[in-house]
Amino acid sequence: KNCGACGVACDPGVDCIWQESMGGEVGCGCPAPKMACGDTCVDTSSNDSHCGACFNGCNRSGPGKPARPHAYYGCIDSECGHMKCDVYWGDCDADEETGCETSLVANENCGACGRACAPGQQCVLDSLGQPFCACEDDGLTFCQVGTQAGFPKGECVDVKSNASHCGVCFVACN
């Protein structure tokens, strides 16, 4: 009777469910082409835990298939057994034999194969763990807050006007 907001009732037979694609909100049913698997909407055409159907998990080792560098076997087009890349790695040479040979947190391949950072920039991870070229705007300074999967993680800030990074990274104004 109160799905995502007061007074929003779902039709009979339609559950109130977590809709990840809607920004982490709840709603009635799942938007196409997703399916309700448990209490979450999932895309069964690419989800390794719900491949082709709810709760049909793929074997990451791909039974009978050779291990590949920085790769595993998962769900593509609702079918298990397809090579997929580990996070931050890409198959840039399109050769399954070499697996996922390219780091996507590198100045030559920042977030995607062939996406190069401009001279003077460095490929790093943002606060959400996404690769980006820091710092794209002149006058910004990259402040590293840590690492994720061994790669620098942080944000670009204007140290001339940021109260948390006054003059240099991590010096806060009173």
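The following legends describe close-up views of a predicted model.

Local features require pLDDT of at least 70 and side-chain atom pairs count only at pLDDT 80 or more, whereas totals for chains, interfaces and linings use all residues. Residues are numbered from 1 along each chain as its sequence is written, and side-chain values use heavy atoms, with hydrogens and water left out.

**View 1. The disulfide between Cys37 and Cys54.** The structure holds twelve disulfides, a disulfide being a pair of cysteine sulfur atoms within 2.5 Å. In the link shown here, the S to S distance from Cys37 to Cys54 is 2.1 Å. The torsion about this S-S bond is about -80°, so the disulfide is left-handed. Because Cys37 belongs to strand E3 and Cys54 to the loop between E4 and E5, the pair ties together parts that are 17 residues apart in sequence. Strands (E, at least two residues) and helices (H or I, at least four) are DSSP runs, numbered from the N terminus. Cys37 is buried at 5% relative accessible area, while Cys54 is partly exposed at 25%; buried means under 20%, exposed over 50%, and partly exposed in between, with a 1.4 Å probe and protein chains only.

**View 2. Phe55 and Asn59 in the loop between E4 and E5.** Phe55 has a phi near 65°, a positive value in a residue other than glycine. Its relative accessible area of 62% makes Phe55 exposed. Asn59 is partly exposed, at 42% relative accessibility. The side chains of Asn59 and Ser61 are joined by a polar contact of 2.7 Å. Such a contact is a pair of N or O atoms within 3.5 Å; within protein, one must be able to donate a hydrogen and the other to accept it, and residues adjacent in sequence count only if both atoms are side-chain atoms. Asn59 and Tyr73 are 14 residues apart along the chain, with 6.9 Å between their C-alpha atoms.

**View 3. The hairpin of E5 and E6.** These strands pair in the antiparallel sense over five bridges, where pairing requires that DSSP finds at least two bridges between two strands. Tyr72 stands opposite Lys84 in E6. Two residues lie between the strands, and Asp77 in the turn has a positive phi of about 55°.

View 4. Tyr88 is located in the loop between strand E6 (79–85) and strand E7 (89–90). Cys85 is in strand E6 and Cys100 in the loop between E7 and strand E8 (102–103), so the pair ties together parts that are 15 residues apart in sequence. Cys85 is partly exposed at 27% relative accessibility, whereas Cys100 is buried at 0%.

**View 5. Two cis peptide bonds.** The bond from Ala32 to Pro33 is cis, with omega near 5°. Pro33 lies in the loop between strand E2 (25–28) and strand E3 (35–37). The bond from Ala134 to Cys135 is also cis, with omega near -15°. Cys135 occupies the loop between strand E12 (131–134) and strand E13 (141–148).
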